[in-house]
Each structure stands twice: as C-alpha cells, then as structure tokens.
Amino acid sequence: MPLVDRAIASLLPLVPKPFVRAVARPYIAGETVAELVAALTRLNHDGCMAAAGMLGELVESPDEAEAAVRGYQSVLEAIERRNIESNIHVKPTHLGLKIDETFCFENLRRLAEAARERDNFVRIDMEDASCTTATLALHARLREEFDNVGIAIQAYLRRSLDDVRALTTMPTPPNVRLCKGVYIEPRTVAYRQREIIQDNFVWLLQELLDAGCYVGIATHDEHLVWRAAQIIDRMRLDPSRYEFQMLLGVQPSLRRIILDAGHRLRVAAPFGPQWYPYSVRRLRKNPAIVKHVIQAMFSRERWA
Ligand SMILES: Cc1cc2nc3c(=O)[nH]c(=O)nc-3n(C[C@H](O)[C@H](O)[C@H](O)COP(=O)(O)OP(=O)(O)OC[C@H]3O[C@@H](n4cnc5c(N)ncnc54)[C@H](O)[C@@H]3O)c2cc1C
C-alpha cells in the first residue's frame, strides 16, 4: 500500500462511525440474522453459495463464547428454514480458544452437531500463528466424530506444507480452504515475498487435490485463480471436487468471471454487531477503498 494510503488508513479509527458504516456496507452482510439472511439469499440468487461468519475473535469470557455459539445456532436454523445454500465459518478464538482449549473444543463440537443435524457444514478459520497447532488439533479431534467439519491452511506459513501432508494422511481426505493468510507474522514463520506465497499456494493446492481433498480455493488474486483453473483443467476435475471462495464485496467482477467459467463459488459473508473493528481492518487492507474515503472526506455531501 502506498505511504499516503497507509497514513490515511491508520487514521481511520478517528473517522466517524456512520461514515465507516457507509463505506463498509458492501463488505458486511448486516448486523442481525434477518439482515444476514437477506444478504445470503441475494448471493444465492446471483449463483453463489455462501458462508456465514459472525464477526468477533479473541473473546476473554466464557459468556462471550457462549453468545457466539448461540448466535451461530440461530444462523444454522435460519439457513435451514429459508433453504439457503450456505454453511458457517468460525474462528476458534471467538469460541474461547485463548480461554481454554477443551472449552473451545466443546463449543465447536456443539456447532458441528447442530450443523450435522441440518445437513450443514462448519469451516474452522485459521487465525494467527499462535493458534495454528491448537486449531489443527481441534480439527483432527472433531474429524474423529464428524465429517461435516473443515479447516483452513495459509500459504504464507512456512509450516503449511508439513501441515498439508499431515492432513492428507487422515483416514478420509479432509475439506480444506486454502488462502494466503492475513496476519502479520515474523519472517521466520511466514514467507513475505508475494511470488513465493503465490508459488506455495499452487504447490499446496496441487498436493491437496492429488490427495483427493475437497479444496476451497480462497483468493481474489487473478493470477492464482488462473493457476488454479489451469490445474483443474489439467486434472479434468469435476466441479464437485473444489470451489472458489471470495469475500463479500471484494472483486465482484472476478466473481462473475469465475462463475461464468463454470466453477462453483462461495462468498464468505461477515455479519454481526462487531462490524466496526472488522470494517476498519478491511479499509486498511484495500487502498482503493481508502482512496474513496479520502475523496469522500473532501466532498462530504456525496455521503450525506
Ligand atoms: C473466503 C476467504 C476466507 C479466508 N479465510 C482466511 C483464514 O481463515 N485465515 C486467514 O489468515 N486468511 C483468510 N483469508 C484471507 C486471505 O488469507 C488473504 O489475506 C486475502 O484473501 C487476500 O489475499 P488474496 O489471495 O485475495 O490476494 P491479494 O493479492 O492480497 O488480493 C488481490 C486483490 O483483492 C483485493 N482484496 C483482497 N483482500 C481484500 C480484503 N480483505 N478487502 C478488500 N479488498 C481485498 C485487493 O484489491 C487486492 O489487490 C480468507 C480469504 C477468503 C477470500
């Protein structure tokens, strides 16, 4: 991100909340389950599958984790009632990973069970590197009991090839989301060069597909979309063996291109009252949006 954009982005927490809400609207599926349902329905009408993710992480009290479990249970009920094509994705630290691993496991287990009863699926997001080992262990333990649970792997982590190889030795090939990774990690832990991360993404994708895993190819990087499409074509993979995944509001034109090429695509739709800190993070990430913010700051009537 250019220096000016970065400087402006760092000032974003000072920007009035209603303004952030207006700019962030395309990236958030709403604050309530009703708003989420409307957004998921729109995605389905556009030909996309969806994944509902409640905003929140790093909870410090069991009550907050309990609230997250209840929230996700009501989402699963709403998805079933409205016959929506959507699963859910959850952050282990939102379910209490940093409080107690057994407590987090029990919470995940409750969600896996609620999802299984409704023929649905729980994706476990991958958070920063301090969570990787514990998250993989949670996934492995859940898979002893549930086959409707999947994991995420980050291509920027140096350890990911080993983690992928461990996943591919499971009795049945797991369902894996492959993404680049979004957290700031030390150089000893994560690759920093864009080209290496891209090449590692392709390497891991090939290993996962070769092992028979179902892969969620989560990227907005058109180079990676092209490399993945090339592998899919060479392997003559049936569309039921993989899906592309993108975030709500990001690169809608690329979304259309992927769908028109005949691939399946799932859009992750974040929702919940915690939309504000999430929005500030998204705005920091994308310089193009930051530019809109700058323009709007100097012509406020456009946002009135
Ligand atoms: C469905 C999905 C699930 C994910 N799950 C995880 C996870 O569990 N753990 C994890 O660490 N990371 C996760 N990520 C984030 C991922 O690791 C990357 O940080 C993010 O997708 C950006 O990488 P990229 O491959 O899209 O390529 P980039 O080269 O970073 O992005 C390509 C272009 O897309 C746009 N863009 C990308 N991301 C955003 C954004 N967030 N907001 C606005 N514009 C954006 C930018 O214009 C950018 O130029 C997930 C991403 C997706 C799509």
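Both faces of strand β2 are covered in this predicted model, with Ser 86, Ile 88 and Val 90 buried on one side and Asn 87 and His 89 buried on the other. The strand spans residues 86-90, and five of its five residues are buried.

**Strand pairing around β2**

- Strand β1, which covers residues 49-54, pairs with β2 in the parallel sense over four bridges, and within this pairing Ile 88 of β2 is the bridge partner of Ala 52.
- Strand β3, formed by residues 122-124, also pairs with β2 in the parallel sense, here over three bridges, and Val 90 stands opposite Ile 124 of β3.

**Crossovers between the strands**

- β1, helix α4 (residues 62-81) and β2 together make a β-α-β unit that is right-handed.
- From β2 the chain crosses through helix α5 (residues 101-117) to β3, and this β-α-β crossover is right-handed.

**Packing of α5 and α6**

- Helix α5 packs with helix α6 (residues 132-143) at an angle of about 45°, the two axes being 11 Å apart.
- On the α5 side the contact is made by Glu 101, Cys 104, Phe 105, Leu 108 and Arg 109, while α6 contributes Ala 134, Leu 138, Arg 141 and Leu 142.

Notes: Residues are numbered from 1 along each chain as its sequence is written. This is a predicted model: local features need pLDDT of at least 70, side-chain atom pairs count only at pLDDT 80 or more; totals for chains, interfaces and linings use all residues. Side-chain values use heavy atoms; hydrogens and water are left out. Buried means under 20% relative accessible area, exposed over 50%, partly exposed in between (1.4 Å probe, protein chains only). Helices (H or I, at least four residues) and strands (E, at least two) are DSSP runs, numbered from the N terminus. Two strands pair if DSSP finds at least two bridges between them. A crossover is right-handed if, with the strands pointing away from the viewer, the path from the first strand over the helix to the second runs clockwise. Axes are lines fitted to C-alpha atoms, for helices over the stretch in contact, and angles run from 0 to 180 degrees between N-to-C directions. Contact means heavy atoms within 4.5 Å.
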